[in-house]
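Here's a quick walk through one chain, written for someone who likes to click along in a viewer. Have the sequence and the structure open as you read.

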Amino acid sequence: MRTPIDRPAWRTLLGYVRPHRRTVLIGGTLTLLGGLAAAAQPLAAKALVDRLGTGGAITGLLALLVALALAAAAIAMVGDYLLERAAESVVLVARKRLTRKLLSLRVPAVQRAEPGDLMSRFTSDTTLLREVCTSALVGLVTGAVTTVVMVVMMGVMDLALLGVTVAVLAVVGLFAGAGLPMIEKASRAAQAAVGDTGARLERALGAFRTVKAAGAEAREIAAIERGAEDAWRAGLRSARWESLVHGSNTLAIQAAFLAVLGIGGARVATGAISLSTLVAFLLFLFYLTEPIGQLLHAGSRLSVGLAAVRRLSEVEEMQSEPAGAAHAEAVAKDGARLVFEDVRFRYGPELPEVLRGVSVDVPATGMTAFVGPSGAGKSTLFALIERFHEPSAGRILMDGRDLADWDLASLRAGVGYVEQDAPMLSGTLRDNLVYGRPDATEEEIRDAVAHTRLDSLVERLPEGLDTPVGHRGNFLSGGERQRVALARALIRRPRLLLLDEITSQLDAANEMAIRDVVTTAAKTMTVLVVAHRLSTVTQADRIVVVDNGTVRASGTHDELVASDSMYADFAATQLLVGE
Ligand SMILES: Nc1ncnc2c1ncn2[C@@H]1O[C@H](COP(=O)(O)OP(=O)(O)OP(=O)(O)O)[C@@H](O)[C@H]1O
């Protein structure tokens, strides 16, 4: 069954095997030799029966038979190990590739995806590649070769009996032809359901307190269980087809056994063939179960694996950020100058414009604040500076150079971004502080901790800086998280500091302290601040009022209070006028 994605799926599949082709080749050859050695046993057995019939000595032949059996087992063992090893390596390659891909994805691509589903592709789908790339591919070749060799040998012995065998193969082929595409379909459905369940579980665990507070446990459990049951049902469908396909082999061979016994017995009676030929033929038939089983197993594993490869290919097709230099190029240390030139942006082709022609000139160093109603597009401006998204029209220039022309790593190396929700990573407080610059010195860490008034927190924590902060920093308070996020950005020593609502959860004393830190930072770097509380931005060198995706006005606090009604309203509501 070919679909348009077939070729890439196969190419991806072979791409995973390529680095281990030598091991697969050696392992496969040994398995094949093991199979052939096993296939030679009926011939030795025939010779043994013939020799018994003529009353000759059988010691040599017996020894040969034993040697063949031992050799077949030993070769198969080594071959098996090599294939297993290659299989593990294939999973490793797939996981490494996926990791690189996932971490290089563009922000919008990840925002559209469900993290839980992406994780299931990493954990579950890659595991399914284990057998596909190695034992299934090898099984396909060895099974086919062994089957052909055996069939030829059987044909040489007696064409009439071969007819029966070919009929058997035809029946098995029919079952396989019908069953394998169904196995693939069911397996895809099962994996998709596992992905959905993962996504649903991640959703519940990611907002665990909200789930509890909303009393939504039962609903979440039911939804996750429904997903798990979908996976189970699809798994059962796949299992039913697999057992049907595999069972057809045993069934057909058993039937053939009886038919060959009957027809062969008659032919022995008429003298058309010797008893030894019949014995050898029956043995061949008996041994044929294995390569055919191998073929069928390979077929079903390939079907399951291709389903997984397709899910991995879907990730491969997601949009990555442009690959840049491995390391950020050395950039200037002074504050960055930033110019927005008629910047327009929408989050999706079907979505309304969020920025509708923003032009702002931000000189190097100093503090520029963006204020405006919720949803006006302030955070979006920051996201564009980090190039998480690209403007749909217009340009943003840093130091006179279009951001699109900057190497991403170099661009971001100069930017310190404190996001609105101050995200933390699980790990210790120190891990979080040095996340943007792992080589920061103890002194730099101490300074940043002191400036952001985190020292009392560090003293309180049982293991100081080395205390774990929990998943997403949930052992810290909202205000502590904001200060850790600011300290993290400062330790990075950026040229451009983007602060998105970083004082929203701070008490008055902390807010004032942070305001001082930011004012000091603005002497050596360019600081852009988004704030709802005007108290944090009155000192700014310039304030830009953003409304509905456009710049409505700009100036100092006093200028704006006098000239812009919206800003004057903000100020009045926040009791700042005349302060
Ligand atoms: N990833 C996204 N996909 C689609 N729309 C988005 C996305 N992020 C933000 N928006 C929309 O873009 C608009 C601007 O959002 P933005 O976060 O820039 O506003 P803001 O001015 O920072 O608001 P606030 O002050 O509430 O933080 C909003 O209407 C928001 O709903």
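What follows goes from the annotated regions to the ligand shell, then to one helix and the nonpolar cores.

## Annotated regions

First things first: this is a predicted model. The unreviewed UniProt entry marks residues 338-573 as "domain: ABC transporter". In the model, that span is 35% helix and 25% strand, with its end C-alpha atoms 31 Å apart.

The unreviewed UniProt entry also lists "transmembrane region" at residues 55-78, 128-153, 159-180 and 269-288. Take two of those in turn. Residues 159-180 come out as 100% helix and 0% strand, and 30 Å separates the end C-alpha atoms. For residues 269-288 the figures are 80% helix, 0% strand and 25 Å between the end C-alpha atoms.

## Around the ligand

Which residues sit around the ligand? The list has a run from Ser-374 through Gly-375, Ala-376, Gly-377, Lys-378 and Ser-379 to Thr-380, plus Gln-111, Tyr-347, Leu-351, Val-354 and Gln-420.

Sorted by class, the shell splits into 7 polar, 4 nonpolar and 1 charged residues. Helix α11, covering residues 378-385, supplies the largest share of the shell, at 3 residues.

## Helix α14, one side in and one side out

Helix α14 spans residues 442-451, and its buried residues are Ile-445, Ala-448, Val-449 and His-451. Look down the α14 axis and these buried residues fall within an arc of 165 degrees, so they line one face of the helix. As a reminder, an α-helix has 3.6 residues a turn, so residues three or four places apart point the same way. On the face of α14 turned away from the buried side you'll find Glu-442 and Glu-443, both exposed.

What do the buried residues of α14 pack against? Their partners are α13 (429-433), α15 (455-460), α16 (478-491) and α17 (508-524). Just past the end of α14, Arg-453 adopts a positive phi of about 55 degrees.

The largest nonpolar core has 74 residues, and the members touching the most others are Ala-369, Val-371, Val-418, Ala-487, Leu-498, Val-527 and Val-529. Helix α16 gives this core its largest share, 7 residues. Setting aside neighbours within four places in sequence, Ala-487 contacts Leu-433, Ala-448, Val-449, Thr-452 and Leu-454.

How values were computed
Residues are numbered from 1 along each chain as its sequence is written. This is a predicted model: local features need pLDDT of at least 70, side-chain atom pairs count only at pLDDT 80 or more; totals for chains, interfaces and linings use all residues. UniProt positions are given in the numbering used here, feature names are shortened, and annotations may be inferred rather than shown by experiment. Helices (H or I, at least four residues) and strands (E, at least two) are DSSP runs, numbered from the N terminus. A residue is near a molecule or strand if its C-beta atom, placed from the backbone, lies within 6 Å of it. Ala, Val, Leu, Ile, Met, Phe, Trp, Tyr, Cys and Pro count as nonpolar, Asp, Glu, Lys and Arg as charged, and the others, Gly among them, as polar. A residue is buried if 20 or more other C-beta atoms lie within 10 Å of its own, exposed if 12 or fewer, and partly exposed in between; C-beta atoms are placed from the backbone. The arc is that of the directions from the helix axis to the C-beta atoms. Two residues are in contact if their C-beta atoms, placed from the backbone, lie within 7 Å. A nonpolar core is a set of buried Ala, Val, Leu, Ile, Met, Phe, Trp, Tyr and Cys residues joined through C-beta atoms within 7 Å.
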